[in-house]
Amino acid sequence: MDLKKIFLKNACPTSIGGQAIMEGIMMRGPKKTAIAVRLSDGRIHMKTQPTPKLSKWGKMPIIRGVVNFVSSMVQGTKILMYSADILEENYPEEYQKDKFDIWVEEKLGKEKAWKILMAFSVLIAIVMAVGIFMLLPTVLVGLLSKLTDNIVVLNLAEGAMRIVIFVLYILLISKMEDIKKVFQYHGAEHKTIHCFENGVELAPENAQQFYTLHPRCGTSFLMFVMVIAVLVHALMGWPNVWLRIISRILVLPLIAGLSYELLKWAGRSDNVIVKTLSLPGIYLQKLTTKEPTNEQLEVAIAAMKAVLPENETPYFEGICDLNGQPVTEEEEEEEQDEPTA
């Protein structure tokens, strides 16, 4: 792995970031957000909307990390559910709702049911993340306290256990076919951002020359959280299990805030210290990103072009071309009427 191809010296960092979704990409620009989904017939369905403006809390160092983390979880879940709805509308035979979803819609109505399911999904995701990756390791490592009372050793063991559980979780879900495709779109997102930051024309063949690894990735943020947690927890000693659980939860916002600031620094610097701190997250991205196809890069590039500041196309929802521009019904009909070779 050549770090010079990840921390590109002449690159101009951008505030544009993305997220891999089901069969597509979300790109968030300073003013506009685009959600692009590849349909089975090859067309790209896109929705563009205003990027939510940051509150005053979302601009304050440390605090902005917590605000952005919560906002990203809520918005990310909404976008994932939106992409699932688009796929369901186009392929109802492949993406059928389960009995619980159908029951909730019948009782509450589709719009209210969607909001409740979204809130429920975010809540479950937070509870599972905190429970599995924060609390479970401290409970398991607590058994070691019978062998040693060294605070440093116990906290290092807890941090190592947390990382092992997280890596095993990633390895496990990466075996699922749908997740493999999401990881490919994750790679497409990174290659596209690399391409843009280096001033290279946005085209699949150009984007393919870059790594799927990027220093400003959410995967690196999670690794920063786990590493910083070891340092913060070490300052808190090793009290009984209930105090450890409560203290871990209470300091989580501080850890998230510090991790966000470190991630921001890593995204705009390429010095030795940044590279060293970023290495664990970079290596973890080898698990959460896969090499994309040119077709997947087309989706990422269309989403990127749609959110560029110079793109003044009005907000829209529907079929778009490879430049992220809306396609009218007349243009679709003309394309369908063209004779094939």
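## Buried cysteines

A residue counts as buried when its relative accessible area is under 20%. Cys217 has a relative accessible area of 2%, so Cys217 is buried. Cys195 is buried too, because its relative accessible area is 0%. Keep in mind as you read on that this is a predicted model.

With two cysteines in view, a word on disulfides is in order. A disulfide is a covalent bond between the sulfur atoms of two cysteines. How many disulfides does the count come to here? The count comes to 0, taking a pair of cysteine sulfur atoms within 2.5 Å as the rule.

Let us turn to the strands, starting with β1 (residues 17-21) and its partner β2. The two run antiparallel and are joined by 5 bridges. One of the pairings links Ile21 to Gly24, its bridge partner in β2. β1 and β2 form a hairpin with 2 residues between them. In that turn you will find Glu23, whose phi is positive, at about 60°.

On to strand β3 (residues 32-38), which is joined to β2 by 5 bridges, again in an antiparallel arrangement. Here Arg28 has Thr33 as its bridge partner in β3. β2 and β3 also form a hairpin, this one with 3 residues between the strands.

Why is β2 described as largely enclosed by the rest of the structure? Of the 5 residues in β2 (residues 24-28), 4 are buried, and therefore the strand is largely enclosed.

## Salt bridges

Side chains of opposite charge can pair when their charged atoms come close. Searching the whole structure turns up 8 salt bridges; three of them are worth a visit.

Take Asp41 and Arg43, a salt bridge whose closest N and O atoms are 2.8 Å apart. Are these residues buried, partly exposed or exposed? Asp41 counts as partly exposed because its relative accessibility is 48%. Arg43, with a relative accessible area of 28%, is partly exposed as well.

Glu261 and Arg64 form another salt bridge, with 2.7 Å between the closest N and O atoms. Glu261 belongs to helix α8 (residues 241-268) and Arg64 to helix α1 (residues 63-90), so this pair ties together parts that are 197 residues apart in sequence. Both Glu261 and Arg64 are buried.

Within helix α4 (residues 151-173), Arg162 and Glu158 sit 4 residues apart, about one turn of the helix. These two form a salt bridge, their closest N and O atoms being 2.6 Å apart, and both are buried. The story goes on beyond this pair: salt bridges that share partners join Glu158, Arg162 and Arg248 into one network.

## Helix α7

Among the buried residues are Phe221, Met223, Phe224, Val225 and Met226. Further along α7, Ile228, Ala229, Val230 and Val232 are also buried, and the buried set includes Thr219, Ser220 and His233 too.

How values were computed:
Residues numbered from 1 in each chain as written. Predicted model: local features only at pLDDT ≥ 70, side-chain atom pairs only at ≥ 80, totals over all residues. Heavy atoms only, no water. Buried < 20%, exposed > 50% of the residue type's maximum accessible area, 1.4 Å probe, protein only. Pairing = 2+ DSSP bridges. Salt bridge = Lys/Arg side-chain N within 4 Å of Asp/Glu carboxyl O.
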